[in-house]
Amino acid sequence: MPFFADYHMHSRHSFDAHFPVRDMAEAAVRAGLEEICFTNHIDFEDPEYADRPADLAAQKQEIDAAAAALPITILHGAELGLSPDQAISDTSYNYIKDAGLDFIIGSVHMVAGQNTYVPPYFEHRSREEAYTAYIAEIDRAIRTLPCACTLGHYDFVTKRAPYENRPLRYQDAPDAFDSLLRYLAQNGKAMEINTSAWWDESAWGLDVLTRFRELGGEYVTFGSDAHRPENVGKRLPEARELAKAAGIRYTARFRQLKPEFIPI
């Protein structure tokens with residue numbers, strides 16, 4: 001049987017989510033998942049949310065209670081917002097270093113002080129400028145957090161992009177993509193296939209994943225980015241097929257930040 005796990009989920013311990021761990025975990029059981037990981041936000045790079053990092057001790061307490069009652073493995077993780085500013089990543093690391101995490105996502109939400117999820121980011125940028133700047137920012141920022149297990153949603157910038165041609169393609173920023181993907185591959189990092197950007201349309205990312213594999217990338221993680229129970233595990237089977245089509249052979253389960261490779 002394929003290993004199905006959702007390694008990008010949020011609960012009420014994130015500033016942008018409201019559901020208890022138990023509700024989200026019960027949804028994962030209904031979806032037939034074997035394993036899940038809660039990766040609530042720690043976003044010191046964003047002035048709007050810097051004072052609202054996830055309470056990891058409270059998260060762990062809720063996870064332990066739910067795991068004891070449900071037939072599913074529930075992991076303790078975090079999603080750290082990345083910045084090219086090393087001081088911000090150092091603050092993030094110091095916040096999580098003693099939390100006993102199983103898994104860490106490194107994600108970029110901001111470019112030059114602007115949140116790429118809101119309209120002002122796009123107002124004075126063409127599609128090419130918006131997307132190239134975002135990938136270049138990831139390439140700079142991911143290097144500041146060596147403890148990250150996987151790169152989260154490389155296509156986050158597309159979520160509310162106003163362009164008719166919304167998908168982010170390798171050809172949109174080949175040089176920046178090559179630098180980023182090469183870094184991930186050479187440093188044993190995974191790349192996340194996050195389904196949330198294409199929940200309601202055809203899946204994309206085959207070109208980026210294929211290039212990751214060509215540059216030596218070995219494995220991916222899968223995440224729905226669910227903030228509500230109804231989205232837990234959403235379209236993960238398609239994400240798995242996307243990885244297979246790109247020639248990627250492995251995903252992984254994590255314990256204490258260490259991967260165990262599992263054939264896809």
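## A cluster of rings

Let's start with the aromatic side chains: Tyr121, Phe122, Tyr131 and Tyr163 come together as one aromatic cluster. Keep in mind that you are looking at a predicted model. Across the structure there are 13 aromatic pairs. Take Tyr121 and Phe122, whose ring centres are 5.1 Å apart: their planes sit at 85 degrees, so this pair counts as edge-to-face.

Are these two residues buried or exposed? Tyr121 has 0% relative accessibility, so it counts as buried. Phe122 comes out at 6%, so it counts as buried too.

## A tilted pair between two strands

Now look at Tyr250 and Phe261. Their ring centres are 5.4 Å apart and their planes make 35 degrees, so the pair is called tilted. Tyr250 belongs to strand 10 (residues 250-255) and Phe261 to strand 11 (residues 258-263), so this pair ties together parts that are 11 residues apart in sequence.

## A charge over a ring

Which residue lies over the face of Tyr117? That's Arg160, found 4.7 Å from the ring centre.

Time to move on to the backbone. Strands of a sheet pair through backbone hydrogen bonds, and they can do this in a parallel or an antiparallel way. Here, seven strands make an open sheet with parallel pairing, and their order is 1-2-3-4-7-8-9. Which strands stand at the edges? They are strand 1 (5-9) and strand 9 (220-223); each has a single partner strand, so one side of each is left without a neighbour in the sheet.

Within strand 7, Thr150 is the residue standing opposite Ile105.

## Helices against the sheet

Helix 2 (residues 56-69) packs on this sheet, where it touches strand 2 (35-42) and strand 3 (73-81). The direction of helix 2 makes about 155 degrees with that of strand 3.

Helix 3 (residues 86-96) is another one to find. You'll see helix 3 lying across strand 2, strand 3 and strand 4. Helix 3 runs at about 155 degrees to strand 3.

Key. Residues are numbered from 1 along each chain as its sequence is written. This is a predicted model: local features need pLDDT of at least 70, side-chain atom pairs count only at pLDDT 80 or more; totals for chains, interfaces and linings use all residues. Side-chain values use heavy atoms; hydrogens and water are left out. Rings of Phe, Tyr and Trp (its six-membered ring) pair if their centres lie within 6.5 Å; planes under 30 degrees apart count as stacked, over 60 as edge-to-face and the rest as tilted. Buried means under 20% relative accessible area, exposed over 50%, partly exposed in between (1.4 Å probe, protein chains only). Helices (H or I, at least four residues) and strands (E, at least two) are DSSP runs, numbered from the N terminus. A charge sits over a ring if NZ of Lys or CZ of Arg is within 6 Å of the ring centre and within 35 degrees of the ring normal. Two strands pair if DSSP finds at least two bridges between them. Contact means heavy atoms within 4.5 Å. Axes are lines fitted to C-alpha atoms, for helices over the stretch in contact, and angles run from 0 to 180 degrees between N-to-C directions.
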